[in-house]
Amino acid sequence: MPRVIASQSRPRLARVLLLSALTLLGLPVVAAAQTGSVSGIVSDSMSGQPISDALVRVEGMSVASRTGGRGQFTLTGLTGTVTLIVTRIGYQPVTRSATVGESGIAIQLSRTALRLDEVVVTGQAGNTQIRALGNAVGNVNMSDLQQATPTTSLQDALSTAVPGLQIQRASGQTGTGGVTRIRGVSSLSLSSEPIIFIDGVRADNSAGSNSIGFAGGGDTPSRINDIDPNDLEAVQVLKGPSAATLYGTEASNGVLQIITKRGSSGAPTWSTELRAGANYLPSPDKLYEGIYYRDTLGVVQHLNLIDNDIRRGFGSPFSTGRPLGGTMSVQGGTDAVRYFFSGSYDHDEGIVSYNWQNKLNGTANLSYLAGDRFKVDLSLGYTRSKTRSGSATQPMTTYLIWACPNNSCIFPGLGPNDAGRGYLAGVTPEDFREIEGLDNVDRSRLAVTFTHRPNGWLNHRFTLGGDFTNEASSLYFPRGSNAAFGIPEGEKFVENDRSSFVTADYSATITANLSPSLKSLTSAGLQYYQKKFAQISGSGRAFPIRGVNTVSGGGIRQGFEDPDFNLENKTLGTYVQEQIGLRYRLFLTGALRGDDNSAFGVNYDFVVYPKLSASWVLSDESFFPRGGILSAVKLRGAWGKAGQQPNAFAAVQTYGPSVGSGGTPTVTPLNVGNPNLKPEVTREIEAGFDASLFNNRLSAEVTYYNKLTRDGIFAAPNSPSSGFPGFQFINIGQFSNRGFELALQGSPINRRELRVNVRGTLATNRNKINVLGQDTPIPNTGIGQLTGAYNAAGYPVGSFFFKRIVSATLTSPGVVTNIMCEGGANFSRGDGSVVPCATAPLVYFGSPIPTWLSSLSADISWKRWRLAGIAEFQGGHVVDDGNVGGAHVFFTNSQAAVEGTDPIAVAHIATGNFGAAGLMKAGWGKIRNVSLTYDVPQRWARALGASRGTVTLTVANLATIWRAQERKFGMRGQDPEVRFNTPTAYNDPNLTNGYTQESWPQYRRFLATVRLSF
């Protein structure tokens, strides 16, 4: 029996063991069969744009992936149902469950209100997180901005983006730009433009070019607008010396760091964009209301020239421009090589038929990565444009505004029904079509950056590159052009301007963990900057026949190499910086920079700029209350210095070649020089806080700043006895800028299908000349005495001073006696007394610098629709509108001048008080942009072979909703915003000039944009 039992049990045991082995072997097979993947796309909740480099990981597992250029991700080796956690710097994390096998998962991320972990470029090796900065830095996401409100002008895109950043537009002429300022005006005789870096390389930051093609007006191209906004990832705004110390000499006006797009790992992503629209001036007959004159019977007549032209069959002098353009780009790459290539072409037209621009842009960016230790970034950019100016000679608006001057409409040939049609000097709109001003630009930029991290404690970087521009411009008056232009025999001017900016920049950062809670970052760097400007020009006058259009065809020919436009400047600087971080929440930074510049006087060799800053993320402390109104708080403060160098050769005494008696070659004095000349140095103190509230629904940024500029440089007229013409640069001034900046941004509604983002900014500025260096106020421009703009101690730069007429006795129409003005000390605010105007002082009327800037914007997303709008405001300043003042005083074609019944207006005419007659409050509010975007259904996009498509309709300059003052003595000013942007206009190098005349008003722009991604 026992043997039988044993013999029977062996087969059973064998079967059990075999089944167990098969089961054990089979389990992995079954498990492998059940594993799978999940995939999807991560996008921005407002714009719908794919988000690259977002981290998608599985909760409780080591499985993770980063999204590619299309926002796509795939996770493998999963079973059952998993929980996905998606994070990206600048966005709120999202958690979502997914079932293995799911594809096309759509995950939308919402931006965080306070982005302390975003990185910014500060001049040192390795980027710095915002939490470590003691100063406010504006960070503009250009990709998102272009999606919401597309534009082809970078200045237009930046105008409302950062509190304290002001874009003062020069005009509405196609191809022109404007003035960029950060926190007010910081110089009397030098530029107040911030310096610009593109991918780490210094770039041309000229507010206005020297193009001869725009010689007729004060509005010219700005080099910043050569850049295609569609090629940019971000623009970071370092607002003042406390933030820009590491950039040294020239950085006192702030820094714009422009960062172009780069590729990301993944399959190629193709994007195309097509643009078309219309540029037009709404109701020009109401904007230019017309002029007044007395007919031969002495009866006052009103003439609206635009209505008169239409009535007579000539049509409106204004037309509708047709902008048309497109962009194509591709990006992608591998873990080792990444790329971004882009090309765009735009044809733009202004509000007259002879003003247009053709522009071609190209960008090529390559990155090579050898793991995490070594990286090479190559950036190439090219711009080629051809612009025909509407201001080759004084623009047509001149002859429209100042039509029928001094009752000339009663003269033969100049009346409304005559050939001249009432226009000034009989120059009609058709006459401008044959005056040709052309501007051709070829601009190339190159940057290569080597970043090396040989170990965990050393990060060093070397950047080498340049920005090179060749601008060829011309101005052509054909033989037989209207004699009122002054050149009936014909003339051709040509000019070639070349500029180059070269950068070599090495920096290194050493990271040391001094303890588990204490971290040290020690940085040092060496930079070399060189900029060159060269100009050569010529002219040919007196053509033998009509049709000749070359310089060589002129009977009188000349050539020029103006030393004022042939300059070279070099800066060599070095810095050291130490940053201590305690528990990743308290940061202390100290830096020291030294510069030598070729424009410093021989008796002044070196300048040192220090910096201190502190940042404390208070909400990371254990004692910070949780769950209250405040979600996060960061306190910050900074103190620092930066400078601005004088012009090249300003310190050197120079002579130039000349032709003496009998054609004998000789030399003549050019520049007296100043061996003691040193840079202007601006010291800035800044303090503020950043906070998020209501569970990160609302963020607030509050900043106070106080800037003081010492050794201000002034161009003092040379004494005739010196034998030198022109000016001598001397250090005499001290002036200040102080104010507050506020930015509020929030998401009051954030639901699945409806999201609302709102943003508001406010910036104040109080500018003041503390010390002028001499008792007598200085005219601010070459025509300062005419327009009343002076630099006086105790007042803002370029303030207006006039005799303030308070009363007059009207004895008959157009005739007054007993003209009385306000009394007091000269160049004061007046004392309220009344004195005869003959002995009256000049009293303060206002500043051309806005005392406050503000913007309001809203972004509403509902299902597939997105509505975005921006309103912009400025105020607290005045403008001297030469259109208005000239009509009253010089051309006497205003209603007040012709009727002569307003005693104060007549008194201004009688005393020739031209500047005061046109001075107006310049505050304004405009709806800058409104756009509507539709995200087309995916099946529609697929029908075109695309993965995604959007259509956007945008209206720019939709309406002026507020003006502080629209009229002076009954005459309307056209546009309170526009100002000259060329330093050569009335010798206004710092462009604080509050005077304007003749400039083209800004037009309304309608643009339809179609985007497809493949």
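Modeller: S615 sits in strand β31, which covers residues 607-617. Strands (E, at least two residues) and helices (H or I, at least four) are DSSP runs, numbered from the N terminus. The model is a predicted one, in which local features need pLDDT of at least 70 and side-chain atom pairs count only at pLDDT 80 or more, while totals for chains, interfaces and linings use all residues. Residues are numbered from 1 along each chain as its sequence is written, and side-chain values use heavy atoms, with hydrogens and water left out.

Is S615 buried or exposed? S615 is buried, at a relative accessible area of 1%. Buried means under 20% relative accessible area, exposed means over 50%, and partly exposed is in between, with a 1.4 Å probe and protein chains only. The side chain of S615 reaches the backbone oxygen of R131 at 2.5 Å. That is a polar contact: a pair of N or O atoms within 3.5 Å, where within protein one must be able to donate a hydrogen and the other to accept it, and residues adjacent in sequence count only if both atoms are side-chain atoms. Contact in general means heavy atoms within 4.5 Å. Leaving out residues up to four places away in sequence, S615 touches R131, A132, L133 and G134, then R585, L586 and F587, and also K634, L635 and R636.

The loop between β29 (567-582) and β30 (586-597) holds Y584. Y584 has a positive phi of about 60°, although it is not a glycine. Its relative accessibility is 45%, which counts as partly exposed.

C404 also has a positive phi without being a glycine, here about 50°. C404 is found in the loop between α7 (396-401) and β24 (436-452), and it is buried, with a relative accessible area of 0%. C404 forms a disulfide with C409, the sulfur atoms being 2.2 Å apart. A disulfide is counted here when two cysteine sulfur atoms are within 2.5 Å. C409 is buried, as is C404.

The structure holds 2 disulfides. The other pair is C821 and C837, with sulfur atoms 1.7 Å apart. The link between C821 and C837 is right-handed, with 90° about the S-S bond. C821 lies in strand β44 (residues 815-822) and C837 in the loop between β45 (834-836) and β46 (843-846), so this pair ties together parts that are 16 residues apart in sequence. Both C821 and C837 are buried. Counting bonded cysteines along the chain, the pattern is 1-2, 3-4.

Strand β46 also belongs to an open sheet of 4 strands, in the order β40-β41-β42-β46 with antiparallel pairing. Its edge strands are β40 (778-779) and β46, each of which pairs on one side only. Two strands pair if DSSP finds at least two bridges between them; β42 (residues 799-802) is joined to β46 by 3 bridges, and the two run antiparallel. F802 stands opposite V843 in β46.

Next comes the nonpolar interior. A nonpolar core is a set of buried Ala, Val, Leu, Ile, Met, Phe, Trp, Tyr and Cys residues joined through side-chain atoms within 4.5 Å. The largest one has 40 residues, and Y288, F318, M396 and L400 have the most contacts inside it. At least two residues come from each of β18 (291-294), α6 (305-311), α7, β25 (458-477) and α9. Helix α7 gives the largest share, 4 residues. Apart from neighbours within four places in sequence, L400 is in contact with Y288, I291, L305, I306, F318 and Y423. A second, separate core has 19 residues, among them L154, L232, V235 and V237.

Helix α9 (residues 882-889) has 8 of its 8 residues buried, so it is largely enclosed by the rest of the structure.

Buried residues make up 54% of the 1014.
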